[in-house]
Number of protein chains: 2
Amino acid sequence: MPTDRPLRTERFYYASDSGYNVEVNQQRLRDDILANASFGDLETDEGHGRTLLTGTAADQAARERLVQRLQDAGLTVRVDPVGNIAGRWVPKDADPAAPPVVMGSHLDSVPQGGIFDGPLGVYGALEAVRTIRSADISPACPLEVVSFTEEEGGRFGIGTLGSSVATEKLSVADALALEDDNGYTLKERLSAIGFHGEDKITPSSWDGWLELHIEQGTRLERENLSVGVVDSITGITNCSVEIHGESDHAGSTSMSERSDALVAAAEFVQDVESVATEIAADNPAAVATVGQHDVEPNIRNVVPGSVTMQLDIRGVSEGTMDRLVERIHERLKQIEQHHPVTASLTRFRNDTPSHMSDQYVTTAVEAAETRGIATKQLHSAAMHDSANISTETDAGLLFAPSEDGISHNPREWTDWEDCATATHILAVSAAWLASES
Amino acid sequence: MPTDRPLRTERFYYASDSGYNVEVNQQRLRDDILANASFGDLETDEGHGRTLLTGTAADQAARERLVQRLQDAGLTVRVDPVGNIAGRWVPKDADPAAPPVVMGSHLDSVPQGGIFDGPLGVYGALEAVRTIRSADISPACPLEVVSFTEEEGGRFGIGTLGSSVATEKLSVADALALEDDNGYTLKERLSAIGFHGEDKITPSSWDGWLELHIEQGTRLERENLSVGVVDSITGITNCSVEIHGESDHAGSTSMSERSDALVAAAEFVQDVESVATEIAADNPAAVATVGQHDVEPNIRNVVPGSVTMQLDIRGVSEGTMDRLVERIHERLKQIEQHHPVTASLTRFRNDTPSHMSDQYVTTAVEAAETRGIATKQLHSAAMHDSANISTETDAGLLFAPSEDGISHNPREWTDWEDCATATHILAVSAAWLASES
């Protein structure tokens, strides 16, 4: 929800450059991330990964350490019913009732994931608060650090679970009733580890939100940048497409007698690519991919009887995404007209695009510029808690570079120097936003 | 090897129509096929199947019963080193040194195969000999019934194994040294079941060969015919095709940056279909199929990195098959030119087409016509022992209809009436050929 508050003017630069000695402690940030990496630890030949799923002993340990570190830094901790954790600091000159500037991310991982995806944003937020506290600054509003439950959907199957509940896209009751593969409910597991709390964490009451996350792409790395400022998070639509022909003997079925599902599917795959390329000419973030493509019976000497495909369609404009799906569907219907097959398309997921707040984006870009740190604005093609928050209050999302763009893998890596630089911009941005709020 | 002997003239029809009371005993044929079906028996919900692999106890029992049934009918049995079995009958007025007219097929099955594929031709041949013996006919040459080892390649991996050895396409030593998946050699297994013989079975010394087999297609069923006369067996060429692009994130890789292997493969699949359709316009038996098509990594939100395909190409002319492969390969090279992918095509199998003897084809067609049985000439798109024999002597191949074209499956079925009718034409053809040879 971009606000219409006036953007910062030059007055602010001077204040920041003179008075603010905001300096991130890289060693402390690194120690926090590495200590957190020991929970669900996974040492592989490829790198240091972790598996941190909601409600496990590893999750409990990671959460307890975070609470301790928040308290060590002088923050007051709250836990809500779905285990979202908030640490709050009210600066001495701040109005305790003022809407807080909130930073954070998540601590959970995918199975066999990396150590930065999530924790960099949580411990980066804590480091930002510690940095602001020790600097010569007294923000006008409270600052909070938030860690959302199960952003990855790795155990209870719903991504951005905690922020969905906090933003009322998912009810507390429905969330707590979610079951894992073994029939354990989220409520049982959170109670068991002592993180089924009673406090409230409500983004709609915040001044705004800043998340630091790894890019999971190579755009920053390619331009040798330590930080990027996200302006949009693409929406994701998934469709499943089925094409049914007739499975036949590859020798005794003449070319004219065939109902070859693969030949029809081949035309469709090309259609998806050509429609997306055409639309992407004016909408560079728009993409459409046939990523999954399964042929039945898939035997060399049998004419393919059916093909099932899974499509991934993204864009930063809902209209563009709808247009992609419509035009792809039209092409599929045309294929049914001139091939002896039946076909169907089911759009089974539609997460609309999210837009970061102009004010928060501009603040982060200016924070980097005034500190002499090169940056760029970019969109995120991956989903983040920030997408949920953006419907309730101003949201901003910063990226730190990912080596080779790898994530969700023990090979995931971000240089400590880049972690510190991105956290520095997070801290400066938060300080500015909290000072003028 | 079609001969240039003159084709039969009318003189023969009268002889056959007056003197030959060739009548197949349908019940006896049925009993033989069902008794044989008990070896490697497989009762399924879908039908009565069997698994009869070379050198197993089931194979031993099936072979021993065949030998017994050949001997019961007054035939003298021989077994060659690779277990091919021949039963010989020298009619009382025949020259024992004259080249024999030979009939037969195979007893082995694919794993979980049907009860007709192979045994119909072996026991049909025996039934034909028994029928001729009990009729008022005294052929001028010996008649033989042959059962070839492992036509299906189900255990030692090489299809038409026995006939390949008999026609010297595969040496006895190489064949005997073949190993199954557990390291057993063909020699060990044949010795163990008592069918590693020392006799000779040499098609080059035969007058000719007639095989009765199920169609494994629907052409006869669709025209309600009980018997078909095969004039050619298509050659089979197999190619493997690999297309390599680059696996990427489906969200963060823009349309213009992609090396999508599936998009390139889709163009290729269509090329194969269009090239084959064009060539089939003048060569109806020509077909090309992308039957197997595997995408890597095949994950919905990942741009496909590679596609591996297996092609099946058939035709009754070697030149046509070569032209198909050449033109398909040209198209693949063009795809490499205008897509950011690398591609390769490997032609790893090339079985050339086979042609049945004009004389044997004409004899069978005329035998059906003079008996008032409707028939048609057709090609076979499946491989048979007859293909091997056709390079050594005259060969003929008769088809009985397959219900729904199903074979290599417990659902495989041919009506007993059709079995008998097709065997009747086999017997009449053999009687004619043996009488004039």
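## Close-up views of a predicted two-chain model

**View 1. Chain A as a whole.** Chain A holds 13 helices and 17 strands. Its radius of gyration is 24 Å, close to the 22 Å that the globule rule gives for 437 residues, so chain A is as compact as a globular protein of that length. Please keep in mind that this is a predicted model. Along the principal axes, the C-alpha atoms of chain A fill a box of roughly 85 × 50 × 40 Å. Buried residues account for 57% of the 437 residues in this chain. Among contacts in chain A between residues at least 6 apart in sequence, 79% link residues at least 24 apart.

**View 2. A four-stranded sheet in chain A.** Here you meet an open, antiparallel sheet of four strands, arranged in the order S11-S13-S9-S14. Strand S11 (287-296) and strand S14 (342-351) of chain A are at the edges, each with a single partner strand, so one side of each has no neighbour in the sheet. On average, and ignoring direction, neighbouring strands of this sheet are turned by 15° against each other. Strand S9 (residues 235-244) of chain A runs antiparallel to S14(A), and nine bridges join the two. To find your way along this pair, look for A:Ile236, whose bridge partner in S14(A) is A:Asp351. Helix H9 (residues 261-280) of chain A lies across S9, S11 and strand S13 (306-315), running at about 175° to S11(A).

**View 3. The surroundings of A:Gly228.** This glycine belongs to strand S8 (residues 228-233) of chain A. Is A:Gly228 buried or exposed? A:Gly228 counts as buried, because it has 27 C-beta neighbours inside 10 Å, where 20 or more are needed. Leaving aside neighbours within four places in sequence, the contacts of A:Gly228 include A:Glu215, A:Arg219, A:Leu220, A:Thr375 and A:Phe399. A:Asp418 is 190 residues away from A:Gly228 in sequence, yet their C-alpha atoms are 11 Å apart in space.

**View 4. Two crossing helices in chain B.** The axes of helix H2 (residues 26-37) and helix H13 (residues 416-436) of chain B come within 10 Å and cross at roughly 110°. That makes H2(B) roughly perpendicular to H13(B). From H2(B), B:Gln26, B:Leu29 and B:Arg30 meet B:Trp416, B:Cys419, B:Ala420 and B:Thr423 in H13(B). By type, the residues of this contact are four nonpolar, two polar and one charged.

View 5. In chain B, four strands form an open antiparallel sheet in the order S11-S13-S9-S14. S11 and strand S14 (342-351) of chain B are the edge strands, each with a single partner, so one side of each is left without a neighbour in the sheet. Nine bridges connect strand S9 (residues 235-244) of chain B to S14(B), and B:Glu242 stands opposite B:Ser344. H9(B) lies across S9, S11 and S13 of chain B, at about 175° to S11(B). Helix H10 (residues 318-338) of chain B also packs on the sheet, touching S9, S11, S13 and S14, and its direction makes about 170° with that of S14(B).

**View 6. Where the two chains meet.** Chain B brings 41 residues to the contact and chain A brings 40 residues. On the side of chain B that touches chain A, helix H9 (261-280), strand S11 (287-296), strand S12 (302-303) and strand S13 (306-315) of chain B each give two or more residues. Which element gives the most to this side? H9(B) does, with ten residues. The residues of this side of chain B divide into 18 nonpolar, 17 polar and six charged.

How values were computed: Residues numbered from 1 in each chain as written. Chains lettered and ligands numbered in written order. Predicted model: local features only at pLDDT ≥ 70, side-chain atom pairs only at ≥ 80, totals over all residues. Contact = placed C-beta atoms within 7 Å. Nonpolar A, V, L, I, M, F, W, Y, C, P; charged D, E, K, R; others polar. Rg over C-alpha atoms; globule rule 2.2 N^0.38 Å. Buried ≥ 20, exposed ≤ 12 C-beta atoms within 10 Å, placed from the backbone. Pairing = 2+ DSSP bridges. Axes fitted to C-alpha atoms, helices over the stretch in contact; angles between N-to-C directions. Parallel < 35°, antiparallel > 145°, perpendicular 65-115°, else oblique.
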